[in-house]
Amino acid sequence: MHKNIHKDERPFQCSEHETTFNTKAHLVEHHRIHTEEKAFPCPECGKCFSYKSQIDTHLRTHTGEKPYSCPECGKCFTVKSQLDIHLRTHTECKKCFNQKSYLDVHLRIHTGEKPYSCPECKKCFSDKTHLVKHQRIHTGEKPYLCPECKKCFSQKSSLTRHQRIHTGEKPYSCPECEKCFNRKRNLVNHLRIHIGESISV
């Protein structure tokens, strides 16, 4: 049987289709895709798996074992695919930060990690501050008060935009005709006049 690996012989064929294997054990393992047999139960929680490799990986959630280590920073991972994703963070953008906590948050842009989950709707966020802002949708909290008219807002950026009604500030200037706007969105719509695009209302 071992000789088949070196000779590249594949005498064991799946009865469902034409895929062949060099050992009977590989054929048996493959056949579980069709039978949906899960022959490997976890001794800790009872969850069942089709392949031994799957249960080996799963068991690490109970043991805490993280055998895959980053050669750059020493961070460890349970599965190799997690390490592969993490390794990209050392090569992708080279952006610098003066605090490790800022770097940790930034790295989630590259890894796609979103560890903060809303208990109400389960939406996930990469940064705790984004979660806190989002939760105001559910709580109705509006902590930002306009000192002029006492109107309240859930986001600081919304208050800043609103205050321009009182101050008359128009920080967004058209580079073509120097007309000014209090919102960036209004400037973008205006610019379409100069480039000949139709504006959807």
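Among contacts in the protein chain between residues at least 6 apart in sequence, where a contact means heavy atoms within 4.5 Å, 0% join residues at least 24 apart. The model on screen is a predicted one, in which local features need pLDDT of at least 70 and side-chain atom pairs count only at pLDDT 80 or more, while totals for chains, interfaces and linings use all residues. Residues are numbered from 1 along each chain as its sequence is written, and side-chain values use heavy atoms, with hydrogens and water left out.

**Whole chain**

Start with the chain in cartoon view, where 8 helices and 12 strands can be found; these are DSSP runs numbered from the N terminus, helices being H or I with at least four residues and strands being E with at least two. Switch to a surface, and the accessible area comes to about 14900 Å², of which 51% belongs to carbon and sulfur atoms, as computed by the Shrake-Rupley method with a 1.4 Å probe, with only the protein chains shown counting as cover for residues. Of the 201 residues, 21% count as buried, a word that stands for under 20% relative accessible area, whereas exposed stands for over 50% and partly exposed for what lies in between (1.4 Å probe, protein chains only).

**Proline 67 and its surroundings**

Select proline 67 next, in the loop between α3 (52-63) and β5 (68-69); this residue is partly exposed, at 38% relative accessibility. Leaving aside residues up to four places away in sequence, proline 67 touches Arg60, Phe77 and Thr78.

**Salt bridges**

From proline 67, move to its contact Arg60, whose side chain meets that of glutamate 65 in a salt bridge (3.9 Å, N to O). The term covers a side-chain nitrogen of Lys or Arg within 4 Å of a carboxyl oxygen of Asp or Glu, and the structure holds 5 of them. Side chains of opposite charge can pair when their charged atoms come close.

Then go to arginine 136 and glutamate 141, whose side chains meet at 3.8 Å, N to O; arginine 136 is buried, with 12%, and glutamate 141 is partly exposed, with 41%.

**A nonpolar surface patch**

Now select Phe97, Tyr102 and Leu103, which form a nonpolar patch on the surface with about 260 Å² of accessible area together. Patches are made of residues with over 30% relative accessible area and no salt bridge, like charges being joined within 9 Å and nonpolar side chains (Val, Leu, Ile, Met, Phe, Trp, Tyr) within 5 Å. Tyrosine 102 belongs to helix α5 (residues 100-111) and is partly exposed, at 45%.

**Cysteines**

How many disulfides does the count give? The count is 0, a disulfide being a pair of cysteine sulfur atoms within 2.5 Å. Cysteine 118 is in no disulfide, and the nearest cysteine sulfur, that of cysteine 121, lies 3.8 Å away. Finish by colouring cysteine 118, which is buried at 0% relative accessibility, and cysteine 96, which is exposed at 69%.
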